[in-house]
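Dear colleague,

Please find below the structure that I am handing over to you. My notes on it follow directly after.

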Amino acid sequence: KGIDREGAQQQLCVFLAAWLDDTVRRNVKTTTYNDYNKRCEIYIVPTLGEYSVKQLTPKLIRAWANAVRDNYAYSSAKQALEILIRALDQAVEDKLLEFNPARAVKLPRAKQDETVIRDDDEVGKSLTIEQEAALLAAVQSTDRHYTRSRAARSIGMYVLYVFALRLGLRRGELMGLRWKDIDLKTDVLHVRQQVNH
């Protein structure tokens, strides 16, 4: 079938580095390349990097993707899996693999009541209490400025920033909030959807 057996013995970390430099860098913006590179370094290389390309199986990739989902956020696992799929598509095109084992993996969604301990790449980069207070004060003064100007009402960014800082909501989740998602009687907020931007 023309499979390059010797090339398939290279470690995934070596293949990914070459793929990022030879294919990704030439076809995407620098920011996208940097994002791919960062996600490979954080999510893929530490656990799958030592395996050879030919050792990758759907079962191994599924276990890896579930571990990423359990230790980070669902979106992190999904994005990392998508990057791995694209990389291994190149391996198939280069005749290192007969088929892409990552394409057989479907990542199950996180359970509704599941709490994610850590968030993406921002572990250890939280604002201090003082920085958070300064940010909220700046946003609140901006809201007041718009309220006192000719605008009919405040642009209301303060509440969104409070939700983001205190509840850990992401931009898409904030933009997806509706009044029916907030139960003022029980002080419960339900995140039921997100807006892709």
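Ser-52 sits in the loop that runs between helix H2 (30-48) and helix H3 (58-71) of this predicted model. Its relative accessible area is 7%, so Ser-52 is buried. Leaving aside residues up to four places away in sequence, Ser-52 touches Ala-8, Gln-9, Gln-10, Gln-11 and Leu-12.

Helix H3 has 14 residues, which at 1.5 Å a residue should span 20 Å; the end C-alpha atoms are 20 Å apart, in agreement with that value. Leu-60, Ile-61, Trp-64, Ala-65, Val-68 and Arg-69 are the buried residues of H3, and they pack against H2 and H4.

Two aromatic pairs are present in the structure. In one of them, the ring centres of Tyr-43 and Tyr-72 are 5.0 Å apart and the ring planes stand at 85 degrees, so this pair is edge-to-face. Because Tyr-43 belongs to helix H2 and Tyr-72 to the loop between H3 and helix H4 (74-93), the pair ties together parts that are 29 residues apart in sequence.

The following deserve a description.

- Arg-25 and Asp-21 meet through their side chains at 2.9 Å, N to O. The two residues lie four residues apart in helix H1 (residues 12-27), about one turn of the helix. Arg-25 is partly exposed at 46% relative accessibility, and Asp-21 is partly exposed at 36%.
- Asp-89 and Arg-103 form a salt bridge at 2.6 Å, N to O. Asp-89 is in helix H4 and Arg-103 in the loop between H4 and helix H5 (129-148), so this pair ties together parts 14 residues apart in sequence. Asp-89 counts as partly exposed, at 27% relative accessibility.
- Glu-132 and Arg-166 form a salt bridge at 2.7 Å, N to O. This pair links distant parts of the chain, with Glu-132 in helix H5 and Arg-166 in helix H6, 34 residues apart. Glu-132 is buried at 17% relative accessibility, whereas Arg-166 is exposed at 53%.

Finally, a nonpolar patch on the surface is formed by Leu-127, Leu-135, Met-157 and Tyr-161, which together have about 300 Å² of accessible area. Tyr-161 is located in helix H6 (residues 157-167) and is partly exposed, at 32% relative accessibility.

Kind regards

Key:
Residues numbered from 1 in each chain as written. Predicted model: local features only at pLDDT ≥ 70, side-chain atom pairs only at ≥ 80, totals over all residues. Heavy atoms only, no water. Patch = residues over 30% accessible without salt bridge, like charges linked within 9 Å, V, L, I, M, F, W, Y side chains within 5 Å. Areas by Shrake-Rupley, 256 points an atom, 1.4 Å probe, with all protein chains shown as cover. Salt bridge = Lys/Arg side-chain N within 4 Å of Asp/Glu carboxyl O. Buried < 20%, exposed > 50% of the residue type's maximum accessible area, 1.4 Å probe, protein only. Contact = heavy atoms within 4.5 Å. Phe/Tyr/Trp six-rings, centres within 6.5 Å; stacked < 30°, edge-to-face > 60°. Expected span 1.5 Å × (residues − 1).
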